[in-house]
Amino acid sequence: MLSASTRALVKATVPVLQQHGVALTSHFYRRMFEHNPELKHLFNQGHQHSGQQQQALAMAVLAYAQHIDDPSPLLPVLTRVAHKHVSLGIRAEHYPIVGKHLLASIREVLGDAAGDDLIQAWAEAYGQLAALMAGLENDLYRDTVNADGGWSGWRPFRVVRKEAESEEIASFYLEPSDGGALPGFRPGQYVSVKRFVPEWGLSQPRQYSLSDAPNGEHLRISVKREDAGPGKPAGRMSNLLHREVAVGDVLELSAPQGDFCLNEDGAGPVVLISAGVGQTPMLAMLGQLLRQGGQREIRFLHAARHGGAHAMKHKLRQLAERHARLKLHICYEQPRAQDLAGVDYHAAGRLQLDALRELALLPDADYYLCGPLGFMDVQRGSLLRQGVAPARIHYEVFGSNPSAD
């Protein structure tokens with residue numbers, strides 16, 4: 001338990017963190033990678049170059065300072081971060097390294113404003129946070145290793161099938177190279193995939209949702225190729241996977257992690273709402289719901305830019321034709337001439353839940369949302385305005401908050 005004086009000193013830095021947090025975290029990463037370059041392989045260097053990781057860490061440090069009296073409201077967020085850390089192979093022994101460079105960065109960025117008392121207060125606060133995170137992660141490591149087909153660290157998987165799902169999304173079907181058992185997982189979870197990126201001279205991890213339900217035969221990830229755009233470089237890993245990885249190649253995978261998961265014990269309807277590549281965890285949830293049988297009503301609502309960006313549209317249509325309890329609603333923001341209204345998509349423009357009350361708003365339904373941050377905010381806000389209880393809305397952000405290219 002931190003003393004009152006320690007907590008007061010940490011809270012006093014909130015205004016500084018609000019103003020200079022990104023400068024502090026940018027300095028921290030530069031310093032850590034300069035002194036410990038071996039840690040670069042644990043971090044998404046694409047997010048480092050774009051500044052997304054620095055922004056995310058600045059927000060996290062600020063939130064911790066604001067809740068230093070009672071960090072318990074942060075536990076759901078910390079649990080989600082713990083899953084990502086375990087997926088990337090971050091362990092308890094890394095926390096002292098991070099702490100050393102964070103404290104040094106506070107002193108170097110704040111200068112005279114960072115006296116010995118403040119540094120000591122942050123050292124104690126960081127120690128509390130590190131102990132909490134290490135405990136959460138140790139539990140996850142233990143459970144993962146002890147699960148059937150589980151492992152710790154990286155395991156080689158062979159690509160046994162590669163299939164184009166749209167003009168920009170490809171699926172990779174993966175089997176263990178060692179011939180061992182596949183891990184179980186909860187629909188909605190992800191794996192980290194590690195591959196050497198020659199131009200950076202680093203092995204890089206990226207996290208991709210498992211896009212098929214557990215089946216005992218393979219794991220499947222469906223990866224969007226991130227092309228360069230105005231102010232945005234091409235995604236290194238996604239392009240490498242699309243252009244260079246073929247059937248027979250080996251990828252290193254971490255065991256499945258993540259707390260955005262289908263509640264398989266529920267009995268009520270399920271509404272799956274996604275945009276773009278955010279449909280990948282929804283496909284795993286959908287597959288599991290259909291394989292379970294039963295009578296749960298399922299709504300699959302998806303937004304894509306156009307038919308060329310809409311992955312697995314034929315497979316989804318076939319599933320809806322075979323299962324009367326599954327109903328689709330697809331929106332294309334900018335349909336192309338070859339996109340067939342009423343076949344490929346049901347509405348032009350953006351997905352508007354307010355106009356879909358009869359289809360999407362079902363009694364006692366659970367809602368699962370995944371997509372870019374702006375999309376998520378709009379859909380969640382719409383559900384709340386229409387009286388859906390917050391506890392029934394489950395969501396995962398695909399993008400910089402955080403995700404992978």
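**Exercise 1. A charge and a ring**

Find the ring that the charged end of Arg-161 sits over, and give the distance to its centre.

Solution. In this predicted model, the charged end of Arg-161 sits over the ring of Tyr-173. The distance to the ring centre is 4.3 Å. A second case involves Lys-84, whose charged end sits over the ring of Tyr-190, 4.7 Å from the centre.

**Exercise 2. Phe-33 and Phe-43**

Classify the aromatic pair of Phe-33 and Phe-43, locate both residues, and decide whether each is buried or exposed.

Solution. Step 1: the structure holds 7 aromatic pairs. In the pair of Phe-33 and Phe-43, the centres are 5.5 Å apart and the planes make an angle of 75 degrees. Planes over 60 degrees apart count as edge-to-face, so this pair is edge-to-face.

Step 1: Phe-33 belongs to helix H2 (residues 14-35), while Phe-43 is in the loop between H2 and helix H3 (45-50). The two are 10 residues apart, and their pair links distant parts of the chain.

Step 2: buried means under 20% relative accessible area. Phe-33 has 9%, so Phe-33 is buried. Phe-43 has 14%, so Phe-43 is buried.

**Exercise 3. Tyr-332 and Tyr-345**

Work out how Tyr-332 and Tyr-345 are arranged and which parts their pair ties together.

Solution. Step 1: the ring centres of Tyr-332 and Tyr-345 are 4.9 Å apart, with 25 degrees between the planes. Planes under 30 degrees apart count as stacked, so this pair is stacked.

Step 1: Tyr-332 lies in strand E9 (residues 326-332), and Tyr-345 in the loop between E9 and strand E10 (347-348). The pair therefore ties together parts 13 residues apart in sequence.

Step 2: Tyr-332 is buried because its relative accessibility is 0%. Tyr-345, at 11%, is buried by the cut-off of under 20%.

**Exercise 4. An annotated binding site**

Solution. Step 1: an unreviewed UniProt entry gives the annotation "binding site" to several residues, among them Gly-278 and Gln-279.

Step 1: with a relative accessibility of 1%, Gly-278 is buried. Gln-279 is buried too, at 2%.

Key:
Residues numbered from 1 in each chain as written. Predicted model: local features only at pLDDT ≥ 70, side-chain atom pairs only at ≥ 80, totals over all residues. Heavy atoms only, no water. Phe/Tyr/Trp six-rings, centres within 6.5 Å; stacked < 30°, edge-to-face > 60°. Helix = DSSP H or I, 4+ residues; strand = E, 2+ residues; numbered from the N terminus. Buried < 20%, exposed > 50% of the residue type's maximum accessible area, 1.4 Å probe, protein only. Lys NZ or Arg CZ within 6 Å of the ring centre and 35° of its normal. UniProt positions renumbered as here; feature names shortened; annotations may be inferred.
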